[in-house]
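Hi,

Here is the structure we talked about. Please load it and keep it open while you read the notes below.

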Amino acid sequence: MSRGFTSQMARNIFYGGSLFFVLLFAVLIFDTEQRIPQRSKSAEITPAVVRGKHIWETRNCIGCHTLLGEGAYFAPELGNVYTRRGPDFIKAWIKAQPTGAPGRRQMPNFHLDDKQLDDLVEFLKWTNGVDTEKWPPNIEG
Amino acid sequence: MKTATLKFKSQSVAKLYFMGAIALFVGQIVFGLTLGLQYLIGDLMFPAIPFNIARMVHTNLLIVWLLMGFMGSAYYLVPEEAETELYSPLLAKILFWVFLAAGAATILGYLLVPYATLAEMTGNNLLATMGREFLEQPLPTKLGIVVVALAFLFNISMTVLKGRKTAITLVLLMGLWGLALMFLFSFVNPSNLVRDKMYWWFVVHLWVEGTWELILGALLAFVLIKTTGVDREVIDKWLYLIITMALVTGILGTGHHFFFIGLPGYWQWVGSVFSAMEPIPFFMMTLFAFNMVQRRKREHPNQAAVLWAVGCAVMGFLGAGLWGFIHTLSPVNYYTHGSQITAAHGHLAFYGAYVLVVIAMISYAMPILRGREANPRRAQAVEMWSFWIMTIGMAVMVLALTGAGILQIWLQRMPTEGAMGFMATQDQLRFFYWVRVAGGVLFLCGLLTYLASFFIGAGADEDEPVANGRLRAA
């Protein structure tokens with residue numbers, strides 16, 4: 001590095017550059033916030049959807065599954081499971097766990113009652129409706 | 001072996017943190033191996049330790065041991081840079097035990113209590129924050145992390161304020177304060193999943209591709225100053241330019257996580273452009289490390305520390321830079337999002353950038369904390385072996401996961417009709433998963449080799465310092 005370039009100058013570039021991009025990020029996030037309600041159909045978030053999300057979180061489903069591509073990669077993507085399997089299959093599947101098939105990946109039974117199962121399905125149904133820029137590429141997720 | 005005394009007595013608290021960090025690291029790897037096997041033997045340990053529990057332990061231990069490593073590094077580095085004793089060594093010791101106990105209690109909670117029960121017991125219904133990837137900690141643990149972090153930052157900041165202020169301490173402080181600040185978003189959990197995910201990334205991305213990079217830069221600069229004797233002015237300039245590039249690319253680079261989670265389409269452009277530039281700071285770090293080692297003004301007796309530092313720069317570039325870049329453009333990410341490619345990148349990036357920088361720090365500081373300038377030559381040789389075994393083990397894992405990811409995408413994602421289902425695809429990936437487990441076993445062997453190096457004394461022929469030893473392998 002040339003002799004004229006001092007560490008004070010480098011420091012000022014750091015402060016100026018970082019501040020500029022922090023502000024730009026803040027502006028983009030502000031704009032994004034305005035668009036989230038329409039893109040996620042937030043008007044359709046019923047109390048059942050909220051309760052379903054709570055069940056999703058308190059059973060740590062993300063520890064095996066992905067949701068909109070994020071989570072663990074041990075079990076199937078569930079962002080579009082509502083269209084892939086439909087509500088009745090989802091409920092029956094959760095109730096039937098664990099399968100007990102030797103050597104197969106096992107899902108715990110969470111002993112959810114019918115209302116909780118309905119709430120979870122409502123949450124997955126709403127998630128299925130989020131505008132994800134046409135992701136995943138196909139129904140298999 | 002030349003003896004060395006600590007410049008400042010209070011630096012010795014770092015030893016506690018380093019030992020704690022390494023112990024948790026061992027735990028992390030044991031659970032990692034369990035996970036690798038569960039990919040192949042799905043019902044292994046079920047229902048005692050289901051996959052999601054083992055994974056939580058694996059990832060949470062990673063975060064906690066790295067944070068512990070950062071804290072230990074700060075306690076060692078800051079007094080020396082500030083040229084003054086630590087503000088309160090007692091507070092540092094108390095915080096260590098609080099942090100360790102809280103961490104252990106949380107891990108035991110995961111293992112012994114069903115997660116839903118744990119959530120209910122710990123007040124998750126009052127403020128729901130659990131069950132989100134990496135932020136699974138119960139509310140009291142999250143609050144505890146905030147308290148420990150604030151007290152730690154108070155201790156460190158007061159030390160810097162009363163002493164000399166160098167570029168390294170300022171950058172380190174900014175990184176640590178930023179880390180604590182961004183963690184506050186872990187308390188934000190809107191009922192709208194899309195919004196939840198957006199703020200979740202404020203913690204996860206702006207940690208590892210933002211504030212942590214400042215910490216990484218500061219620690220690497222410190223080890224290089226000490227081991228090469230290159231002018232501080234030169235190293236300071238590099239440090240500032242590297243972290244400038246890290247933040248300039250990393251902040252808007254957050255956009256590469258916003259492609260397909262329900263956020264506006266313009267993020268595909270913002271995220272693609274800026275994350276394509278994210279390898280630059282890591283490339284600069286590699287240049288920096290090699291450049292400093294070439295210009296070195298002394299042969300430091302601790303050549304193992306130099307190897308870890310250079311290894312960190314190179315592996316950080318490969319893992320965070322190159323493996324990040326291969327799936328960061330939105331048209332590519334459309335197919336790779338949430339596949340084993342992500343797992344491959346995550347493993348190499350964390351190992352290369354953060355695991356190695358913490359070990360570089362430990363490798364440099366630990367001999368001095370034990371009263372000598374460097375470890376005996378035999379011990380260093382074993383330590384260098386451990387670097388290569390761990391790194392090759394990690395490379396095997398990452399290549400296996402990359403192969404698994406490519407095949408997964410080919411079978412499950414690419415076909416527009418008749419795509420293979422998730423579980424059927426997983427059956428096709430078994431070969432790669434076995435190779436991954438083999439890589440993991442090799443990694444554990446490397447880690448055990450590393451632990452062994454701590455217990456190796458000087459050979460009979462070795463009573464002179466290794467000051468004239470040449471730079472090997474690096």
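Ten names first: P279(B), P281(B), F282(B), M284(B), M285(B), T286(B), F288(B), A289(B), M292(B) and V293(B) are the buried residues of α10(B). Bear in mind that this is a predicted model. Helix α10 covers residues 279-294 of chain B, 16 residues in all. From first C-alpha to last, α10 of chain B reaches 23 Å, close to the 22 Å expected at 1.5 Å a residue.

What do the buried residues of α10(B) pack against? The partners are α7 (193-228), α8 (232-253), α9 (266-276), α11 (303-325) and α13 (340-369) of chain B.

One of those partners, α7(B), also packs with helix α6 (residues 167-183) of chain B. Their axes are 9 Å apart, at an angle of about 160°. Angles over 145 degrees count as roughly antiparallel, so α6(B) and α7(B) are roughly antiparallel to each other. The crossing of α6(B) and α7(B) is left-handed. The contact residues divide into 20 nonpolar, 3 polar and no charged.

Next, α3 (residues 89-112) and α5 (residues 139-162) of chain B. Their axes come within 10 Å and cross at roughly 160°. By the same cut-off of 145 degrees, α3(B) and α5(B) are therefore roughly antiparallel. Their crossing is left-handed.

Which residues meet there? From α3(B) come L91(B), A92(B), L95(B), V98(B), F99(B) and T106(B). From α5(B) come T141(B), V148(B), A151(B), F152(B), F154(B) and N155(B). The residues of this contact divide into 9 nonpolar, 3 polar and no charged.

Best wishes

Conventions
Residues numbered from 1 in each chain as written. Chains lettered and ligands numbered in written order. Predicted model: local features only at pLDDT ≥ 70, side-chain atom pairs only at ≥ 80, totals over all residues. Heavy atoms only, no water. Axes fitted to C-alpha atoms, helices over the stretch in contact; angles between N-to-C directions. Helix = DSSP H or I, 4+ residues; strand = E, 2+ residues; numbered from the N terminus. Parallel < 35°, antiparallel > 145°, perpendicular 65-115°, else oblique. Left-handed = near helix turned anticlockwise from the far one by under 90°. Contact = heavy atoms within 4.5 Å. Nonpolar A, V, L, I, M, F, W, Y, C, P; charged D, E, K, R; others polar. Expected span 1.5 Å × (residues − 1). Buried < 20%, exposed > 50% of the residue type's maximum accessible area, 1.4 Å probe, protein only.
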